[in-house]
Amino acid sequence: MKRVAYGVVLLVFLAGFAGERQKNFPVVQNTSFSTGEILDYHATFWGFSVGHGSTRIDSKIYTMNSRPCYKIDAFGTTSGLATWVSKVNDQWGAYVDTAALVTHVAYRKLIEGPFRRDEIVTFDHNSNKAEVKVMNKVTGVYDNVKYYTVEDNIRDIVAGFMYLRVIDFNKYKKGDTLVISGFLEDTSYKLKIIYGGKDKISTKIGKIICIKLIPIVPDNKLFEGENSVTAWLSDDGNKIPIKIKAKMFIGSTGIELESFRGLRNQLRIVQ
C-alpha cells in the first residue's frame, strides 16, 4: 500500500511539473487561409520570364510537438534560358501551429547553381531553443547539429509570411512600421515592414486592390537600398501575395500570381 501511495504521489507531482513546463501558446485569429490552398506564380527578370514558384498548404493536418500543424511548402525553380545561367530548385517548408502560427519544424532544400543546402530546424518552445541540422554532402546524414537561443513564439520565414496574412492592416496608417520576429539559418532577426497603404494592381487574373508592404532590407550585396523590395497582398479575406518586386544591383526582378486554388475566401477582383 505504501508503494501504491508513493506511486500516486509521484504521478501527481510529475503531472504538475509537466504542466508547469508546457508552453502556453497565444491564439492567433486566422480567417485568411486553411488546408488545401495552392498559389502559383511566374518569375521575371528585366521583364523576361525566368521561372516559376508556388506555395502549398497540405490538405492534411499534422502533429508536431503534440500540436496540430499546417504543412506549408514554398517552391521556386528556374526555367528556359535562365537555367543556363544558374539553375535554381528550392524548397522552403514548415510545420506551423494551427492556433498560434508559430513554427515547430522548418526545413530547406536548396539547389542554386553549385550551392547546396539541406537543413532541418526543430524549435523547442519550452526552452526557447532551435536545433539546426545540416545534411553532410558526402554521407547524406544530418550530422552537423548546432543549437541557438531564440525568442518566445519564434517563427521561421514561412510562418512569418503566413503571419502577415492574419494582421488587421485597417489598424495601421500609411507610413506606420510593424515588426516581425523570426529565425533563419543561424540568426534571430527583427524585420521592419512599412505599411504603404493600398494600391490597385493589374494582373493577368484581373485588377486587385492590394495592401502595399515595404520591408526594410538590411545593407547587403544583393538588393539596391533598404526600400528595394515591395510586396502586395490582396485586400480581402485571404491576403494572398499578389505581386513582389525587387530592385537588385544587377537588375529588377519579381513574381506575380498566375493561378490559385483552394482559397478560404473569394478573391476580390475589381474593374
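pLDDT is the predictor's confidence in each residue, from 0 to 100.

**Figure 1. Confidence along the chain of this predicted model.** The chain has an average pLDDT of 85, and 83% of the residues reach at least 70. Confidence is highest in strand β7, with a mean of 97, and lowest in helix α1 (residues 2-21), with a mean of 34.

**Figure 2. Two stretches with pLDDT below 50.** Residues 1-21 form one of these stretches, and beyond near neighbours in sequence they have one contact in the model. Residues 220-225 also have a pLDDT below 50, but this stretch has 15 contacts beyond near neighbours in sequence. Where pLDDT is low, the predicted coordinates should not be read in detail.

**Figure 3. The pairing of strands β5 and β6.** Strand β5 covers residues 103-112 and strand β6 covers residues 115-124. The two strands run antiparallel and are joined by eight bridges. One of the residue pairs is A106 with its bridge partner V121 in β6.

**Figure 4. The turn between β5 and β6.** These strands form a hairpin, with two residues between them. G113 lies in the turn and has a positive phi of about 60 degrees.

**Figure 5. The pairing of strands β6 and β7.** Strand β7 covers residues 129-134 and runs antiparallel to β6, to which six bridges join it. F123 has A130 in β7 as its bridge partner.

**Figure 6. The hairpin of β6 and β7.** Four residues lie between the strands of this hairpin. N128 takes a positive phi near 55 degrees here.

Methods:
Residues numbered from 1 in each chain as written. Predicted model: local features only at pLDDT ≥ 70, side-chain atom pairs only at ≥ 80, totals over all residues. Heavy atoms only, no water. Pairing = 2+ DSSP bridges. Contact = heavy atoms within 4.5 Å.
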